[in-house]
Amino acid sequence: MTISPSERDQVWDVAVIGAGPAGLAATVAAADRGARVAVIDAEPAVGGQFWRHPAPRHEPNRVRDAEIAPYHHSLARYWRLRDRLAQHVAAGRAAHLSRYEVWAVQPAEAGAAEPAPGAAEPAPGAAGSARGSAGSEGGAAGTTSSTFFDVLAIDAATPQRHESMVRARTLVLAPGAFDLQIPFPGWDLPGVLTAGGVQSLIKGHGVLAGKRVVVAGTGPFLLSVGAGLVRRGATVPAIVEAASPASWLRHPGRLFSATSKLAEGAAYANTLTRHGVSILTKWSVLRADGRGRVESVTVAPIDGTGELDPDRARRIPVDVLAVGWGFVPQLELPLALGCATRAGASGLPVTVVDADQRSTVPGVYLAGEVCGVGGAALALVEGEIAGLAAVRAVGATGPAGAARAVSRPDEPEIADMQGDLAMRRRRIRLARRRERLRTFADALAAVYQIPGSWLGALTDDTVVCRCEEVTAGAIREIARDHRAADARTVKLLARPGMGHCQGRICGYAAECVAAHELGTPAAHRPVTRPVAAPLSLGTLAAGWPAAIAPVCRHQSNV
Amino acid sequence: MPTFTFDGQPIPFRPGQSVGAALIAAGIYSWRVTRVDARPRGLFCGIGVCFDCLVTIDGAPNQRACRAPAADGISVTTQRGTGHDDLAV
Ligand SMILES: Cc1cc2nc3c(=O)[nH]c(=O)nc-3n(C[C@H](O)[C@H](O)[C@H](O)COP(=O)(O)OP(=O)(O)OC[C@H]3O[C@@H](n4cnc5c(N)ncnc54)[C@H](O)[C@@H]3O)c2cc1C
Ligand code: FES
């Protein structure tokens, strides 16, 4: 369904970026209460990382939802949210802009609901505004904010990568996270994949990454990946966990505060035991070797001094090595809008939010991993809170008409009061649940810390920045010569983080290497990046904003 | 089964899969050679973040194999160095 020209110029009540658990929950919560919502996501199917699904197709031998279902959790909730979104799309209340990569978001100050032509500020590096006015039809009544946000997105489904714009009164940013990685000799060999990447191949494409896979790093996610692999038929010679779960015993209270998460963990542990997978704790990767692709991984125990003990190392033949050290929140979009950050439980920056998931920028709500890595259950709660708060901000309060008609058709005021009461109860429940899950997530982060042992094992000739092929030796030299451990100086001089990924993959490690060389702690300050998605020069040259209607491509695989 | 070619070799795939996923299912793990040290590279993050999986599709370089949908009849070729370097980031 293409959005009609009149709809194209509308101002949405809420634009949600990211259709993972957080964004999906926010979208449905807001649309359920009568707001008009556009949800924008780079992937073909909704679900994000946790509920990754194959691209919707109709050919007979497509990858089917049913065949990937065994690798998922809480699917009933996913189906409910997906169906609800489909209903809202069909009713014209919501649009699902799939395969759109948001590269910029910015406030567009406008005095009234009708912004003047060219009133918006041009995007950084782009030519002047060429866009006409935006009407306000279809919006909820009682708008309190005079600020609009323009979301600029690249249509990844067209070879020309057309640009589209969505204008909204409020934003919910829920872009999630990516796998945190640390370098070791051989980590850039083909066949060394991120743990999340191995998981995404199974869930999103029905593909087993390898036949013999070692899973290494730290965090409970490794168990989930290992369990998925053995269920799908792979041999997992070992799961190599750098932390020591015995430290759980120091947090028993926190441990029992999130029982459903524990049940999920117990299920993985069961699967792994049944398949005889050994879990090495306080062990880590020393190196990976192979000619042209990974053929073996050497793992070693972390000794009393916190270093890897090469004398007790074991070499394990593999065809794939899956590594993950936790997750890095994707902060580009919140940072571009000026949202404040703080140091999260893992030491990496996360955004600051209040009880309503409000950022420090009016009209901008944040949910999911960007507020601190906490997993899907927490993302769902935060998303719903953000969706409800965004609705209140634009004034589209109260139960949706349909719900009202069902409960008290002849007494709408009473129905509204009942609705308000129900909403208040719901918000109290959500707040409690968030508190519990956040405490649990912080306890996990405290246990699954990245040990410093990798720094000692990192040889000078190991590539740290995979894009620009900058080695650990080069970073150490710059740090020594210029006594610089901050990301900016190291980046300017040694050029790690100057390539395609803009330092997303190596940023954390490069800072650690430089700081370690100087004997100082790594700071991990938030890094602003000019663009959140790759653009072609053509798009930039075409000026901003292009007046191409976004296409609602909501589809599912049923 | 629909098929695309990789450096001339036919690669079968299932609709809904990405080029990168289909290559891995076919046992191919690298499809790019780096600019500086000519190192082989393939899928790493799997979700469009790392840009290690860049590949040339129907003559256009710098396509992320983990995101590009596999399609019948397309020609996928190993990308050497920067391809044509027409990707601005
Ligand atoms: C590769 C990977 C695999 C994972 N697998 C699991 C798993 O199997 N089990 C588990 O418990 N946890 C998994 N996780 C952890 C995951 O972070 C959480 O479980 C959960 O998915 C977080 O929900 P979220 O809504 O915050 O973000 P996400 O689920 O990450 O959703 C964010 C969505 O936003 C989209 N997005 C981001 N930026 C943009 C942009 N600029 N433009 C358009 N769209 C954008 C993304 O495409 C994504 O669909 C995984 C993480 C990663 C990185
Ligand atoms: S594998 Fe990282 S971008 Fe494709």
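Guide: Start with one term: buried means under 20% relative accessible area, exposed means over 50%, and partly exposed lies in between, with a 1.4 Å probe and protein chains only. At 27% relative accessibility, A:E517 counts as partly exposed.

Visitor: What kind of model is this, and how are residues and chains labelled?

Guide: This is a predicted model, in which local features need pLDDT of at least 70 and side-chain atom pairs count only at pLDDT 80 or more, while totals for chains, interfaces and linings use all residues. Residues are numbered from 1 along each chain as its sequence is written, chains are lettered from A and ligands numbered from 1 in the order in which they are written, and side-chain values use heavy atoms, with hydrogens and water left out.

Visitor: Is strand β1 of chain A largely enclosed or open?

Guide: Strands (E, at least two residues) and helices (H or I, at least four) are DSSP runs, numbered from the N terminus. Strand β1 of chain A covers residues 11–17. Seven of its seven residues are buried, so the rest of the structure largely encloses β1(A).

Visitor: Which strands pair with β1(A)?

Guide: Two strands pair if DSSP finds at least two bridges between them. β1(A) pairs in the parallel sense with β6(A), residues 163–173, over six bridges. There, A:A15 stands opposite A:L171. β1(A) also runs parallel to β2(A), residues 37–41, with four bridges. In that pair, A:V14 faces A:V37.

Visitor: How does the chain cross from β1(A) to β2(A)?

Guide: A crossover is right-handed if, with the strands pointing away from the viewer, the path from the first strand over the helix to the second runs clockwise. Here the path goes through helix α2 of chain A, residues 21–32. This β-α-β crossover is right-handed.

Visitor: What is a salt bridge, and how many does the structure hold?

Guide: A salt bridge is a side-chain nitrogen of Lys or Arg within 4 Å of a carboxyl oxygen of Asp or Glu. A:D13 lies in β1(A) and A:R169 in β6(A), so the pair ties together parts 156 residues apart in sequence. A:D13 is buried at 1% relative accessible area, and A:R169 is buried at 4%.

Visitor: Which residue forms a salt bridge with A:E384?

Guide: A:R426 does, at 2.6 Å between the closest N and O atoms. A:E384 sits in helix α10 (375–394) and A:R426 in helix α12 (412–447) of chain A, so this pair ties together parts 42 residues apart. A:E384 is buried at 9%, whereas A:R426 is partly exposed at 27%.

Visitor: How many residues of chain B are in contact with chain A?

Guide: Contact means heavy atoms within 4.5 Å. By that rule, 40 residues of chain B touch 54 residues of chain A. Buried area is the accessible area (1.4 Å probe) that two parts lose on being put together, summed over both. Here that area is about 3800 Å², of which carbon and sulfur atoms give 55%.

Visitor: How many salt bridges are there between chain B and chain A?

Guide: The count is eight. A:E101 and B:R64 meet in a salt bridge at 3.0 Å, N to O.
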